[in-house]
Amino acid sequence: MSEQRRNFLTKITTTAGAAVAGYFSANPATASNAVNARGPNGEASVLDFMSAEARADARSGAPSLDHSAAIQAAFSSGAAVVNVPGGYVFKLTKPLKIEKTIRVMGGGELRFTAGIANAAAITVTAPGCEFDGVYLTNPNMLQSNSGARNVGIMFRASLGSVTRSTIRYFQNGIQVESTGEYHDFIIANNRVIDCIGAGGGPTQKSTYGEDRGDGITVWGCAATITGNLVTAKAGQDCRIGIHMEGLANYHAD
């Protein structure tokens, strides 16, 4: 067993088994928690990659500027930990990629308003990435009933974790992709809420009903999933709350 995998499995006893009480009532961090942009542990902040004008725009709570480039720069900076400080709303109009091992934390809202109808908001291709206390939204409910799915966090790498986070208004909230046998995941104490479906809703006939709309999906192996709240948005014909691998067409691979 590799040292990286051994260290990851050790977290299961502390992270996946953490008490659930209290996290359901927890709100994203307020602005008072974001006084120091560098964070309490000296981690890099997304604010470090933004102009003063962009920081003020994000602090307003109703951003008009596009913060996509700055957030992507933070994720690509090589920092081991990136803080998305509470009390800020970051407007994003294109998908983000994480290609280096990183820990993303903080309760600031990552609000995706364009560019993700047929894409994941965040695609992870580096092993060992962690998300803790993050807040992702798709307020325009961007989606498609064909092609690639709209996803909050997509893993295309092993040894990942999502804990104590809120993911709202996505077709698929957290997904481990089916293109590889990715392994060892902790998905614990999250709120994957108001998932959206591709069909016309329960009162309409649609060939797309329940084609997509899974809160948590793992098309891989060795996953610990515990303490999560998963809901469908009212009037949406979503599919499965928590969906583990069951792809007959992939068995030969």
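Student: What makes β11 and strand β14 (residues 183–188) a pair?

Tutor: Four bridges join β11 to β14, and the sense is parallel. Two strands pair if DSSP finds at least two bridges between them, so β11 and β14 qualify. One of those links runs from Gly160 to its bridge partner Phe185 in β14. Keep in mind that this is a predicted model, in which local features need pLDDT of at least 70, side-chain atom pairs count only at pLDDT 80 or more, and totals for chains, interfaces and linings use all residues. Residues are numbered from 1 along each chain as its sequence is written, and side-chain values use heavy atoms, with hydrogens and water left out.

Student: What makes β4 (96–98) and β19 (242–244) the edges of the six-strand sheet?

Tutor: That open sheet has the order β4-β7-β10-β13-β16-β19, with parallel pairing. β4 and β19 each have a single partner strand, so one side of each lacks a neighbour in the sheet. From one strand to the next, the twist averages 10 degrees. Inside the sheet, β10 and strand β13 (residues 172–176) share four parallel bridges, and Ile153 has Ile174 as its bridge partner in β13.

Student: Why are the residues of strand β11 (residues 160–163) called buried, and which way do they point?

Tutor: Buried means under 20% relative accessible area, exposed means over 50%, and partly exposed lies in between (1.4 Å probe, protein chains only). Gly160 and Val162 point one way from β11, Ser161 and Thr163 the other way, and all are buried. Side chains in a regular strand alternate between the two faces of the sheet. Over the whole chain of 253 residues, 47% count as buried.

Student: What makes Asp184 and Asn189 stand out in phi?

Tutor: Most residues other than glycine have a negative phi. Asp184, in strand β14, has a positive phi of about 65 degrees. Asn189 sits in the loop between β14 and β15 (191–195), and its phi is near 60 degrees, again positive. Against the 20% limit, Asp184 at 2% counts as buried, and so does Asn189 at 4%.

Student: How do you know that Gln175 is buried?

Tutor: Its relative accessible area is 3%, which is under 20%, so Gln175 is buried. Gln175 lies in strand β13. Leaving aside neighbours within four places in sequence, Gln175 is in contact (heavy atoms within 4.5 Å) with Val151, Ile153, Met154, Phe155, Thr217 and Trp219. Gln175 and Phe155 are 20 residues apart in sequence, with C-alpha atoms 6.2 Å apart.

Student: What lines the second largest pocket?

Tutor: The lining includes Gln175, along with Asn118, Val151, Met154 and Trp219 among others. β7 (120–124) and β10 (151–155) are the elements that give two or more residues to the lining. By class, the lining residues divide into six nonpolar, three polar and three charged. Nonpolar covers Ala, Val, Leu, Ile, Met, Phe, Trp, Tyr, Cys and Pro, charged covers Asp, Glu, Lys and Arg, and polar covers the others, Gly among them. A pocket is an open set of points on a 1 Å grid over the protein atoms alone, with protein on both sides within 12 Å along at least five of seven lines, and lining residues have an atom within 4 Å of a point.

Definitions and conventions. On a 1 Å grid over the protein atoms alone, a cavity is a set of points where a 1.4 Å probe fits but cannot get out, and a pocket is an open set with protein on both sides within 12 Å along at least five of seven lines; lining residues have an atom within 4 Å of a point. Axes are lines fitted to C-alpha atoms, for helices over the stretch in contact, and angles run from 0 to 180 degrees between N-to-C directions.
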